[in-house]
Amino acid sequence: MMNLFDTHAHLMDEAYDEDREQAQKEAAEELALVINIGCDVPTSVAALDLANKYENFYAGVGIHPEEALKFNPDSLKEIAELAKNPKNVAIGEVGLDYHWDVPKSVQKEAFEAQIALARELKLPLIIHDREAHRDTLDMLSACKAAEVGGVMHAYSGSAEMVREVLDLNFYVAFGGVLTFKNARKTVEAAEKVPLDRLLIETDCPYMTPIPFRGKRNHPKYVRFVAEKLAEVKGVSAEEIAEITYQNGKKLFHID
Ligand code: NI
């Protein structure tokens with residue numbers, strides 16, 4: 001059996017309303033480790049509750065760029081408190097998303113404050129970057145995010161940009177998109193990431209890999225990402241599972 005670590009899940013999502021207990025229990029049994037990620041204060045609380053229920057579950061807490069209008073001194077204070085929970089391992093997901101219409105200035109203010117929080121608490125960052133590659137990297141650099149490092153979740157940048165990400169002391173995570181037939185750009189990026197900086201994830205309930213694309217995603221499907229990544233890197237799926245498991249434990253300081 002493979003030692004799989006899903007570094008980005010949302011098992012609190014309403015997509016699991018009908019069989020939540022079952023879906024969570026199955027993930028706890030089939031995966032070695034799972035990090036559930038919050039996108040605002042309530043989902044960060046839920047991610048921590050889950051982490052405190054299952055020994056091999058951990059949490060990330062933060063305010064997602066799509067939720068940046070909820071960012072204010074009070075919500076920041078709440079995230080800072082939640083972040084101190086022993087089962088919290090990261091600040092995230094945070095970042096920039098220019099696909100939707102939350103004002104850039106609002107997103108940047110939330111992002112900058114949460115990078116500062118990560119540095120203050122010495123926690124790695126889980127970064128959401130959608131159609132905002134240049135600004136995301138510039139802010140990570142300007143705000144000295146390299147000090148704590150982190151992961152570019154669901155990497156969608158170019159192969160050329162990988163160098164900059166590595167120089168910022170960040171890991172690169174791939175999910176279901178890597179298995180899609182039109183994923184040429186993502187495959188090329190994965191080729192450029194050294195084994196010791198790779199992570200795998202599902203972003204469940206979204207981004208379901210082939211052969212279950214279109215259905216609800218679940219942490220157990222991270223094995224299809226491991227298999228595809230193994231093919232790209234020319235190693236076995238077991239090796240990818242073990243390497244990404246060890247990388248994740250190192251980045252998120254899990255013993
Ligand atoms: Ni996510």
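Donors are N, O and S atoms within 2.8 Å of the metal (3.2 Å for Na, K and Ca), and sites may look incomplete since water is not among the atoms. This is a predicted model, in which local features need pLDDT of at least 70, side-chain atom pairs count only at pLDDT 80 or more, and totals for chains, interfaces and linings use all residues. Residues are numbered from 1 along each chain as its sequence is written, and side-chain values use heavy atoms, with hydrogens and water left out.

- The donor residues of the nickel ion follow the spacing H-x1-H-x82-E-x109-D in sequence.
- His-10 sits in the loop between strand E1 (5–9) and helix H1 (20–30), and Asp-203 in the loop between strand E8 (198–200) and helix H8 (222–233), so the pair ties together parts 193 residues apart in sequence. Helices (H or I, at least four residues) and strands (E, at least two) are DSSP runs, numbered from the N terminus.
- The nickel ion has as protein donors His-8 (NE2), His-10 (NE2), Glu-93 (OE) and Asp-203 (OD), at 2.2 to 2.3 Å.
- His-10 is buried, with a relative accessible area of 6%, and Asp-203 is buried at 11%. Buried means under 20% relative accessible area, exposed over 50%, and partly exposed in between (1.4 Å probe, protein chains only).

**Helix H9**

- The 15 residues of helix H9 (residues 237–251) should span 21 Å at 1.5 Å a residue, which agrees with the 21 Å between its end C-alpha atoms.
- Buried residues of H9 include Ala-237, Ile-240, Ala-241, Thr-244 and Tyr-245.
- His-253, with a positive phi near 55°, follows H9.

Methods: Expected span 1.5 Å × (residues − 1).
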